[in-house]
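Subject: Handover of a structure for your review

Dear colleague,

Please find the structure below, together with its sequence.

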There are 2 protein chains.
Amino acid sequence: MTITITAFETSPDRGRGLARDMRIRWALEEVGQPYEVRLVSFKAMKEPAHLALNPFGQIPTYEEADLALFESGGIVLHIAENHPGLLPADANARARAITWMFAALSTVEPPIVDRSTVQLLERGETWYDERLAMVDSRIRTRLGELSRHLGDAEWLDGAFSAGDLMMVHALLRLKSSGILEEYPNLSAYTARAEARPAYQRAFAAQLAVFAAASSG
Amino acid sequence: MTITITAFETSPDRGRGLARDMRIRWALEEVGQPYEVRLVSFKAMKEPAHLALNPFGQIPTYEEADLALFESGGIVLHIAENHPGLLPADANARARAITWMFAALSTVEPPIVDRSTVQLLERGETWYDERLAMVDSRIRTRLGELSRHLGDAEWLDGAFSAGDLMMVHALLRLKSSGILEEYPNLSAYTARAEARPAYQRAFAAQLAVFAAASSG
């Protein structure tokens, strides 16, 4: 049964692995499932064929036989529920791992994405510096809380899970900001995740798309 | 097995049901599970006992025997997975309903919450009007896409699900803005959800907390 995901035809981050297809690639690599990738242009993302897969016109999407999904969280959870490797067997530990997926997406990621929005859309505005400082303060609040929770543990709740995958990928968007480095245990946590063979394979795969587009 | 959730001791929205404990109350009412509520002050939310339940110092939390969860998404999904009424039985339809939960939290809710942040924290700033207009534009993009998807359907994907519950609750925060009314099918959608007996019971329960605190 072939799995097909969508990704940007032209990587907005120049192959740094920050687009959300990376989460799906990484999850599929963790559970050892092969997949195919259909590249879509920014124009095609807003056209009927893609909107039928994702009403919000975003990537990634996921197709497998007669199932079509969107939202990186929904897709990663689907993969985690159907293949061993991303969720613990114990019911309570499993529920906690899923809660960490939601914490990554609902509590930690929003101010981090907001930082990108400020940098992209408000750079020329008079309020740019002040707004960036406000957003960075909100990010630091969340990272401080996350850092205190993690302490010197390896992963958020026992073994590596889909919760760590989502959290690490949300944090990686901060790489160029210097903020992550203020929290050494969080830096070590993301580095630990990036060192996983599954992450490396997924990263190489998305980088190859950028390299091919650049040389083309 | 007693279920205990936490909620604000002093409702910041004066009983309008916008705090995230409402999602848990509503989900538990939909599946017919009784629950107890422990009210926490803003001070207590940041103290060790509560941080042990939620490292980010937020409500709601969920306790049931030796399981403790946080994040409204994680809790609602746990309830939906363990009691019939919030997820379809068919595996594909179930995965799609879960994807809608993530769409509500990751794609639709962030600009809506950002609007509250602007109103709360940036009201006195010189850029207030411009920023609010930018955020409202992002909200309208999402609502337009959601409205096109919903069309004249009753719910997002067949029967009412946890995906609708999360989406409706995210949209209800727009009630006082007038924006929701620009999309008649979304207004009708939220009204349909609010008319559900389970919603009404949950709403009355959270309103009673506010009423008791106000008269106390």
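I begin with a charged pair: in this predicted model, the side chains of Arg196(A) and Glu30(A) form a salt bridge, with an N to O distance of 2.7 Å. Arg196(A) belongs to the loop between α8 (184-194) and α9 (197-215) of chain A, while Glu30(A) belongs to helix α1 of chain A, so the pair ties together parts that lie 166 residues apart in sequence. Over all chains, the structure holds 36 salt bridges.

The side chain of Glu29(A) is in polar contact with the side chain of Arg201(A), at 2.7 Å. Leaving aside residues up to four places away in sequence, Glu29(A) touches Tyr35(A), Ala198(A), Arg201(A) and Ala202(A).

The sheet of chain A

Chain A has an open sheet of 4 strands in the order β2-β1-β3-β4, with mixed pairing. The edges are held by β2 (36-40) and β4 (67-70) of chain A; each has a single partner strand, so one side of each is left without a neighbour in the sheet. From one strand to the next, the twist averages 20 degrees.

Within this sheet, strand β1 (residues 3-8) of chain A pairs with β2(A) in the parallel sense, over 5 bridges. Phe8(A) stands opposite Val40(A), a residue of β2(A). Two helices may be described alongside these strands. Helix α1 (residues 21-30) of chain A lies across β1, β2 and β3 (61-64) of chain A, and runs at about 145 degrees to β1(A). Helix α4 (residues 72-82) of chain A packs on the sheet and touches β3 and β4 of chain A, its direction making about 130 degrees with that of β4(A).

Chain B

In chain B, strand β1 (residues 3-8) and strand β2 (residues 36-40) run parallel and are joined by 5 bridges. Ala7(B) stands opposite Leu39(B) in β2(B). Together with helix α1 (residues 21-30) of chain B, β1(B) and β2(B) make a right-handed β-α-β unit.

The interface

How many residues does each chain bring to the contact? Chain A contributes 42 residues and chain B contributes 42 residues. Between them, chain A and chain B bury about 3700 Å², of which 63% is on carbon and sulfur atoms. Phe56(A), Phe102(A) and Trp127(A) supply 19% of the area that chain A buries against chain B, more than any other three residues.

The side chains of Glu122(A) and Arg131(B) meet in a salt bridge, at 3.9 Å from N to O.

Which elements of chain A make up the side that touches chain B? β4, α4, α5 (91-121) and α6 (128-150) of chain A each supply at least two residues of that side. The largest share, 16 residues, comes from α5(A).

Yours sincerely

Notes: Residues are numbered from 1 along each chain as its sequence is written. Chains are lettered from A and ligands numbered from 1 in the order in which they are written. This is a predicted model: local features need pLDDT of at least 70, side-chain atom pairs count only at pLDDT 80 or more; totals for chains, interfaces and linings use all residues. Side-chain values use heavy atoms; hydrogens and water are left out. Two strands pair if DSSP finds at least two bridges between them. Axes are lines fitted to C-alpha atoms, for helices over the stretch in contact, and angles run from 0 to 180 degrees between N-to-C directions. Contact means heavy atoms within 4.5 Å. A crossover is right-handed if, with the strands pointing away from the viewer, the path from the first strand over the helix to the second runs clockwise. Buried area is the accessible area (1.4 Å probe) that two parts lose on being put together, summed over both. A salt bridge is a side-chain nitrogen of Lys or Arg within 4 Å of a carboxyl oxygen of Asp or Glu. A polar contact is a pair of N or O atoms within 3.5 Å; within protein, one must be able to donate a hydrogen and the other to accept it, and residues adjacent in sequence count only if both atoms are side-chain atoms.
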